[in-house]
Amino acid sequence: MTEDLTTARAPPTLRVAELITLGRTLPVPFLLHLVDEGGSPIELRCREVLRLLPGRRLVALCIQEGEPRILKLFMGSSATRYRNRERAGVLALARCGVPTPALLGAPEDPAGVGGGLLFEYLDGAHPVAEGDGEAIDQIAALLGKLHTSGVWHGDLHLDNFVKDSTGKVHAIDGDGIRGLRKHGHRPLSERASLENLALLLAQLPPLADARLQAPLESYDAARGCSALPLARMGAMTRWHRRLRARHY
C-alpha cells in the first residue's frame, strides 16, 4: 500500500503536545513531525487511528516516505517508561521466536513530551475472533515458546494478536511481556504455565471449553513437554473467567 502525497489534500500538521490537548478529537488525517534516533527529522502522515488513550497513547496507521507503518506513540510524563517497556517486550517476543511485526525505529518528539515506536505494517492483518479455534491454537503455541524461555505474558487478550492474510498469527503488543526469572532462561513451572494459559482461555466464551484439548496439544507441541493436565486447565480457566466477570 502506498500513497501519493502530492495529490492528496494537505492535512494539518500537529505536534505531540497538541495531540495531548485534543483528546479524542484528532483531525485524521494529520501530519506528525518527529526525529529519528540520530536526530534527523521524519514526517509521518497519520491516516487512521487504531487505538487511542487520550493524552497517553496513540496507535495509528501512518505513511512514511510512501510506505505504510504502524506507529505506537507514547505521550506525557510516563512516555519514556512505557515506551521502553514496550520495546523490551517486543524484542523479547522476537528472541523467543514468536512472530511479531518488525521494529523499524524509535522516533522522538523534538519537544520531549513523547516518543514512539515504528513497526512493520502487516497487509491484510485482522483481529483474532474468539470463535477462530485455529488461531487460538496458534496463540497457545506462541505461549509455549515464551514459557520455554521463562517469559510470562501478563496482558493476554485477543486484541493483542492479529492474523495475517496467510492465516499466521502475530503478537502485536510487548507491554505485558515479563521475564519471571532474573537469572537464566529456565522454563516456567507447570503451575505458572497453567495460570498463564488459563488467562488466555478465560477470554473465550464458556462453550469454547469443550475444545480445551486442542490448544493444550498445540501448547505442548511448541514447548516440547508432556501434556498439561486437562482437568486442572479447565478448572483454572473457569476460575479466571469468574474472576473477570466479578471485575467487570
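Colleague: How many cavities of 30 Å³ or more does the structure hold?

Modeller: The model is predicted, and its totals for linings use all residues. The number of cavities of 30 Å³ or more is 2.

Colleague: How do the residues lining the largest cavity divide by class?

Modeller: The lining is made up of Ile-136, Leu-201, Leu-204, Ala-208, Asp-209, Arg-211, Leu-212 and Pro-215. Asp and Arg count as charged, whereas Ile, Leu, Ala and Pro count as nonpolar. The division is therefore 6 nonpolar, no polar and 2 charged.

Colleague: Which helix gives the most to the lining of the second largest cavity?

Modeller: This cavity is lined by Leu-93, Val-98, Ile-139, Leu-142, Leu-143, Leu-146, His-153, Leu-156, Phe-161 and Ala-171. By class, the lining has 9 nonpolar, 1 polar and no charged residues. The top contributor supplies 4 residues and spans 133–148; this is helix α3.

Colleague: How many of the residues of α3 are buried?

Modeller: Buried means under 20% relative accessible area. By that cut-off α3 is mostly covered, and of its 16 residues the number buried is 13.

Colleague: Which residue with a positive phi follows α3?

Modeller: The phi in question is near 75°. Most residues other than glycine have a negative phi. The residue that follows α3 is itself a glycine, Gly-150.

Colleague: Which strand gives the most to the lining of the largest pocket?

Modeller: The largest pocket holds about 680 Å³ of space. Of its 29 lining residues, those closest to the centre are Leu-50, Val-59, Ile-70, Val-162 and Ile-172. At least two lining residues come from each of β3 (41–53), β4 (57–64), β5 (67–75), β7 (114–120), β8 (126–127) and β10 (161–163). The strand that gives the most, with 5 residues, is β3.

Colleague: How many charged residues are in the lining of the largest pocket?

Modeller: By class, 16 of the lining residues are nonpolar and 3 are polar. The charged residues number 10.

Colleague: Which ring does the charged end of Arg-81 sit over?

Modeller: A search of the whole structure for aromatic pairs finds 0. For a charge over a ring, CZ of Arg must be within 6 Å of the ring centre. The charged end of Arg-81 is 4.6 Å from the centre of the ring of Tyr-82.

Colleague: Where is the cis peptide bond that joins Val-28 to the next residue, and what is its omega?

Modeller: Most peptide bonds are trans. The cis bond here joins Val-28 to Pro-29, and Pro-29 is in the loop between α1 (16–22) and β2 (30–35). Its omega is about 0°.

Colleague: What is the phi of Glu-65?

Modeller: Glu-65 lies in the loop between β4 and β5. Glu-65 counts as exposed, because its relative accessibility is 77% and the cut-off is over 50%. Although Glu-65 is not a glycine, its phi is positive, about 50°.

Colleague: Is Asp-123 buried or exposed?

Modeller: Asp-123 is in the loop between β7 and β8. Its C-alpha atom is 32 Å from that of Ala-111, which is 12 residues away in sequence. The relative accessibility of Asp-123 is 54%, so it counts as exposed.

Colleague: What is the relative accessible area of Ala-125?

Modeller: Ala-125 is also found in the loop between β7 and β8. Its C-alpha atom is separated by 16 Å from that of Ile-136, 11 residues apart along the chain. Ala-125 is partly exposed, because its relative accessible area is 32%.

Colleague: How far apart in space are Glu-120 and Pro-206?

Modeller: Glu-120 is placed in strand β7. It is partly exposed, with a relative accessible area of 33%. Glu-120 and Pro-206 are 86 residues apart in sequence, and their C-alpha to C-alpha separation is 35 Å.

Definitions and conventions:
Residues numbered from 1 in each chain as written. Predicted model: local features only at pLDDT ≥ 70, side-chain atom pairs only at ≥ 80, totals over all residues. Heavy atoms only, no water. 1 Å grid on protein atoms, 1.4 Å probe; cavity = no way out; pocket = protein on both sides within 12 Å on 5 of 7 lines; lining within 4 Å. Points joined across faces, edges and corners; volume = space filled by probe spheres on them. Phe/Tyr/Trp six-rings, centres within 6.5 Å; stacked < 30°, edge-to-face > 60°. Lys NZ or Arg CZ within 6 Å of the ring centre and 35° of its normal. Buried < 20%, exposed > 50% of the residue type's maximum accessible area, 1.4 Å probe, protein only.
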